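Thanks for passing this one along.

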Amino acid sequence: MRRQVLGFLACVGTVLLCAVGWCESPGDAGAVTVGTTRQVFLDDYVVGETKSVRRVLHAAVRHSGNPVVAPDRPWEGKILEGPTVFWDATLGRFRMYYWAIYSPEVIYTCYAESEDGIDWRKPTLGLCEGPDGGKQNNIVLRGEGKQARTRYVALNPYSTDPERRYVALYIDNVPGLTEFAAYSPDGLHWKTIAKIGDLRNTTGAAPTPNPAFFLLEQRWDPTPSHRCRAIWRTESADLVHWSGGTWALQRMESDPTEMEFYHATSHFLGRQTYDGLHLGYYYPFRTFAEGKKLPDGTRLAGTVDTALMVSRDTIHWQRVAGTQPLLARAPDGSWDGGMVYMHPELVVDRRLRFYYSGWQYEHSMEGKNSAAIGLATLRLDGFVSLEPEETEGIVTTKPFRLEGTRLVVNANTRGGKVRVGVLDEGGQPLGGFEVGRAAALADEDGLDLPCRWEGQASLKTIRGQTVRLQFELTRSKLYAFEVLP
C-alpha cells in the first residue's frame, strides 16, 4: 500500500560525513531512550564508541522518467516550483500543490493528483480565475495579492473539525513576504484564517522544543562582510501567533566565502518526525562573486543544490555531511542543471521519495530560466550508513533500556558480514549474546535482517535490562537497527 508515514500516526554517490562530535573515542556514556523506535545514524544520539568506522552520506537517485510534472498549461508559464506532496488515505491518492509562475507578478498555486506518485493528472477544478479570466484550470489558490505560494499543505493532526481537515501555510506579496494560514474541508476549497505578516524578524518568547508548528525561513545574516542569506526558525501553537525566533543555520568560518544558504524546508508539524528526527532540506547557494548583483550587494548569480540537516527539537540543527549534496544539480544543459530544491521526504512502499523543483539555469538567468518537478529516491533509512574505513570496524551504542524481544538491522552485507553482540551497561559481554556467538548476517541486503545467537538465546530473557549493542562490520553498510516488541 502506498502511503506517507507521519511521525505520529541518476546521481548516486557517497561522501564521508564530518559530523559534529563524530570520533573514534568513547562518546557520552549516559543512557538514551531507544524503546521500539527505529534508530538511524544521522547524528550521534545512539552512538557511543567507534573503531575504524566512517559515516557515509548517500545521494538520492533521480527517477528515470523525470520530470514527473512539467509546465504544459497556458496559465503555468515556464516555471513550476515548491511541490508539496502527501498521501491522502481517504481518497486513495497522492496530492500535490505546486507554484506556477505565469509571470513575476502573477503566481498561482496549482493542484495535481496521482495514484502512484509518478503519473500525475491536473484536474479541471473551476475554482479560480486564470490569466484568461476563465476557471477551466487546476488553480487551487490565488491569494490576496495574486501571488499565493504554498509553503506547506498537510492533513491537520490538531483538529477534529471537518472544516479544518487540511491545513496550509502560504505566502503572498501584500506587500513584501507575508505569511498566511488557511484551512480546508477537502484540500481544494481554502479559507484563510490569518494574515500573519513577515516572519523573518520574529523573536518573542524563547523557542520551545517540538512546537505544534514551526517554520524555516530565509533571513539576511548580519555577520558576513557582504549581504548573505541564512536560515531563521520560528514557531506557533495555533498558526496565528508566532514567536521563538532563532537561527537554524548560519555561515561557519570553514564555509567558502561564496557560500550562502538560500532557503530550507522541513515538515512543519512538530509532531511529525522521521524516527524521532526532524529532517531539514537546505539549499547551499554557491554564488558567483563577480556575477550579477543588486545595488545593495545581494548576489543573484550562482547554483543551488540540496543538502541535509537534522534536529531532535526543531531548535538545534546539525548539518549532515557539511554542504555535500543529498541531491546535486544535474550536468550543465540538463533540465535541472542549474538549481535543485528538494522537498521533505515521503515513505512509500518502504522506500524514501523526494519531489523537487529543478531549474535549467543558474539563479540570475531570470527571463531565460525554466523549471519542472522531478522525483528522487533512496532506500528506507538510506540517508547515511556506517561502514568500515577499510575492511573491518566496530560500533558500540550508548546504554539503553531493552524494551523489546527481537532485534533487526537495516544493512547491506553483500561481499561482507555483520555480527551483533549485546553488552551490559558497563560494556562487558552478556553471556549467550557475545559477538562470537552471533549468527553472521552475510551476503544479504535487507531492511529488517533478524539478529540471532547460538543456542537460540532470546532477548526476552534480558528484557528490561540496560544494555549496549556492539556491531562488528566487515565490508558492509549499516543503516539502522530496531528493537521489536
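1. Which residue forms a salt bridge with Arg-38, and how far apart are the closest N and O atoms? The partner is Asp-381, with the closest N and O atoms 2.4 Å apart. Please keep in mind that this is a predicted model. Arg-38 sits in the loop between β1 (14-16) and β2 (39-40), while Asp-381 sits in the loop between β25 and β26 (384-388), so the pair ties together parts of the chain 343 residues apart in sequence. Arg-38 and Asp-381 are both buried.

2. This pair also belongs to something wider. Arg-38 and Asp-381 are linked with Arg-350, Asp-448 and Glu-482 in a network of salt bridges.

3. Next, take a look at Glu-387 and Lys-477. Their side chains meet in a salt bridge of 3.0 Å, N to O. Glu-387 belongs to strand β26 and Lys-477 to strand β34 (residues 477-484), so this contact ties together parts that are 90 residues apart in sequence. The burial of the two partners is worth checking on screen: Glu-387 has a relative accessible area of 6% and is buried, whereas Lys-477, at 25% relative accessibility, counts as partly exposed.

4. Asp-332 and Arg-329 give you another salt bridge, with the closest N and O atoms 2.8 Å apart. Here Asp-332 is exposed, at a relative accessible area of 65%. Arg-329 counts as partly exposed, with 29% relative accessibility.

5. Now for a charged residue without such a partner. Glu-362 lies in the loop between β24 (351-359) and β25 (371-379). Is Glu-362 buried or exposed, and which side chain of opposite charge is nearest? Glu-362 is buried yet has no salt bridge, and the nearest side chain of opposite charge, Lys-292, is 8.8 Å away. A salt bridge needs the nitrogen and the carboxyl oxygen to be within 4 Å, which is why Lys-292 does not count as a partner at that distance.

6. What does the side chain of Glu-362 make a polar contact with? The answer is the side chain of Ser-364, at 2.6 Å. Leaving aside neighbours within four places in sequence, the residues in contact with Glu-362 include Phe-288, Leu-300, Thr-303, Met-339 and Asn-369. Ala-301, Gly-302 and Gly-338 are also among those contacts.

7. Finally, have a look at the sheet around β14. Eight of the nine residues in strand β14 (residues 213-221) are buried, so the strand is largely enclosed by the rest of the structure. A hairpin of six residues joins β14 to β15. Nine bridges link β14 with β15 (residues 228-236), and the two strands run antiparallel.

8. The open sheet here has three strands in the order β14-β15-β16, with antiparallel pairing. Its edge strands are β14 and β16 (242-249), each pairing on one side only. On average, neighbouring strands of this sheet are turned by 30° against each other, direction ignored.

Notes
Residues numbered from 1 in each chain as written. Predicted model: local features only at pLDDT ≥ 70, side-chain atom pairs only at ≥ 80, totals over all residues. Heavy atoms only, no water. Helix = DSSP H or I, 4+ residues; strand = E, 2+ residues; numbered from the N terminus. Buried < 20%, exposed > 50% of the residue type's maximum accessible area, 1.4 Å probe, protein only. Lys, Arg positive; Asp, Glu negative; His and termini not counted. Polar contact = N/O pair within 3.5 Å; in protein donor to acceptor, adjacent residues only side chain to side chain. Contact = heavy atoms within 4.5 Å. Pairing = 2+ DSSP bridges. Axes fitted to C-alpha atoms, helices over the stretch in contact; angles between N-to-C directions.
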